[in-house]
Amino acid sequence: MASQDSDFHTKETNGTSSFDHAGPTPKQRMPYDYGGNPLAHVVTNDPAMRLPAFGGEFQPGLYRAPKKGFANPAPLGLSAFALTTFVLSLINLQTRNIAEPNIVVALAYGYGGLVQLLAGMWEMAVGNTFGATALSSYGGFWLSFAIVLTPGGFNIVAALEADGGKAEWLNSFGLYLMGWFIFTFILLICTLRSTVAFFFLFFTLDLAFLMLGIGYLHHHGTGKPQTECIKAGGVFGILAAFAAWYNALAGIADSSNSFFVIPVAHFPWSDKGRERRNKANNDISRAEQGA
């Protein structure tokens, strides 16, 4: 009788009947990864593996896992760029009737210039050519921008105005901005196979340089840049600043400090996008590149 009771009360029957009404254990639902997991750079330390493009690492294409012992310098450089761009763009929009960019000089020297330049040098140390080129160059941009606007010692604006009036200064600064428009367009081309957020950063920044350059070149002899283009440049600058902060957050947030994954949607024609659509398997090519 005891053995019969033991047989009746089993894990399968639960002491009720020979049929388990609970059914099989439900399958665990996997969370949606928004087109690719940006935290892969945290949990992957295989130096032979090639990781997909990720703005948080300032990588526009397939890249090797960063060297062990080096932190990711990209969020620092992106944050320095974002804050300086944000403040200048608000001034270009004449927020609260502020029209002179004097306050940006301090940011351009200390944060957007020096700190971003250092981040670019550290990108070189971890082997990221694109990141080193972009962050170091824009660090140099902010330093040169601050030099131009520094009153007293450098005397650049006053010298140009003394030589050819306001028009010479506006034309000179307009050409300076158009040069940065061309450089940013070169970098933009390199992001076409990366993520949407990464591409959006350089796209809006390029339009900001274009609008500002046109605004300074088309002054119509009034002694002031064209207001409409300058404000348009300010709008695109604000968008670029928030895009830079977004990519910086994607690089900072990982499994040790964040409860959620930052979406970094890959373009459908990128390596990661094609893999997700089952149109290509890049495992072999990645292995060959890593060899």
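A polar contact is a pair of N or O atoms within 3.5 Å; within protein, one atom must be able to donate a hydrogen and the other to accept it. In this predicted model, the side chain of Gln-116 reaches the backbone oxygen of Gly-112 at 2.8 Å.

**Gln-116**
- Gln-116 is found in helix α4, which covers residues 102–125.
- Gln-116 has 0% relative accessibility and therefore counts as buried, the cut-off being under 20%.

**Annotated transmembrane regions**
- An unreviewed UniProt entry places the feature "transmembrane region" at residues 70–91, 103–122, 142–162, 169–189, 195–217 and 229–246.
- Residues 103–122 are 100% helix and 0% strand, and the end C-alpha atoms of this span lie 28 Å apart.
- For residues 169–189, the distance between the end C-alpha atoms is 31 Å, and the span is likewise 100% helix and 0% strand.

**Packing of α3 and α8**
- Helix α3 (residues 74–92) packs with helix α8 (residues 227–252) at an angle of about 160°, and their axes are 8 Å apart.
- Because of this angle, α3 is roughly antiparallel to α8, as angles over 145 degrees count as roughly antiparallel.
- The contact of α3 with α8 has 15 nonpolar, 8 polar and 1 charged residues.

Key: Residues numbered from 1 in each chain as written. Predicted model: local features only at pLDDT ≥ 70, side-chain atom pairs only at ≥ 80, totals over all residues. Heavy atoms only, no water. Axes fitted to C-alpha atoms, helices over the stretch in contact; angles between N-to-C directions. Helix = DSSP H or I, 4+ residues; strand = E, 2+ residues; numbered from the N terminus. Parallel < 35°, antiparallel > 145°, perpendicular 65-115°, else oblique. Nonpolar A, V, L, I, M, F, W, Y, C, P; charged D, E, K, R; others polar. UniProt positions renumbered as here; feature names shortened; annotations may be inferred. Buried < 20%, exposed > 50% of the residue type's maximum accessible area, 1.4 Å probe, protein only.
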